[in-house]
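Thanks for making the time.

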Amino acid sequence: MDKKEKTIPGGYVACLPCDCPQRAHCLRAWAWSHRNSSEKQYTVLNPDLTTLDGHCPFYCDDQPQRYAIGFSNFQQRMYPMQYKQFMSACVARFGRNSYFQRRRGEIPMPPSEQAFIRSLLKSIGAPDDLDFDGYEEHFNWFAD
């Protein structure tokens with residue numbers, strides 16, 4: 001993915017110019033330097049809360065990450081009680097509609113959501129070889 005392919009999400013919190021050592025690879029810094037100059041207002045981080053020690057809590061890496069797309073095959077490979085537990089935990093975390101959108105692949109899942117699902121599968125004793133329907137590369141604008 002080329003930086004030119006980046007589209008800044010609406011309302012994205014940018015970072016003002018500073019001497020941060022992470023600035024060269026931070027999406028928040030990139031968003032500020034590539035802002036739309038015709039916009040009247042921007043949302044920016046409070047500079048008093050950012051750090052210049054290389055460990056800023058608001059840092060968002062500009063490298064594309066592997067997002068999972070869908071898990072429609074999981075139900076077929078689980079026992080009914082396992083799937084009931086799985087679905088209940090996912091609905092509790094994502095909400096009912098968002099759960100089904102993720103299951104169908106309409107909402108790509110960042111690494112943190114993949115880790116949640118993998119952990120959940122392990123805790124309910126689901127088969128070890130379950131995998132998502134597919135993967136895509138995306139920028140993790142809201143690094144979590």
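**Cysteines, rings and a helix**

There are zero disulfides in this structure, a disulfide being a pair of cysteine sulfur atoms within 2.5 Å. Before I go on, this is a predicted model, in which local features need pLDDT of at least 70 and side-chain atom pairs count only at pLDDT 80 or more, while totals for chains, interfaces and linings use all residues. Residues are numbered from 1 along each chain as its sequence is written, and side-chain values use heavy atoms, with hydrogens and water left out.

Cys 20 is in no disulfide, and the nearest cysteine sulfur, that of Cys 18, is 5.0 Å away. Is Cys 20 buried or exposed? Cys 20 counts as buried because its relative accessibility is 16%; buried means under 20% relative accessible area, exposed over 50%, and partly exposed in between, with a 1.4 Å probe and protein chains only. Cys 90 is also buried, at 0%.

Next, the rings. How many aromatic pairs does a search of the whole structure find? The search gives 14. Rings of Phe, Tyr and Trp (for Trp, the six-membered ring) pair if their centres lie within 6.5 Å; planes under 30 degrees apart count as stacked, over 60 as edge-to-face, and the rest as tilted. Trp 30 and Trp 141 have ring centres 6.3 Å apart and planes at 55°, so this pair is tilted. Trp 30 sits in helix H1 (residues 27–33) and Trp 141 in the segment after strand S2 (134–138), so the pair links parts of the chain 111 residues apart. Helices (H or I, at least four residues) and strands (E, at least two) are DSSP runs, numbered from the N terminus. Both Trp 30 and Trp 141 are buried.

Ring pairs also link a cluster, including Phe 71, Tyr 99 and Tyr 135. Over the face of Tyr 135 lies Arg 66, at 3.5 Å from the ring centre. A charge sits over a ring if NZ of Lys or CZ of Arg is within 6 Å of the ring centre and within 35 degrees of the ring normal.

Tyr 99 brings us to the helix. In H3 (residues 96–104), Tyr 99, Arg 102 and Arg 103 are buried. Seen down the axis of H3, these buried residues fall within an arc of 100°, so they line one face; the arc is that of the directions from the helix axis to the C-beta atoms. The face turned away from that buried side carries the exposed residues Asn 97 and Arg 104.
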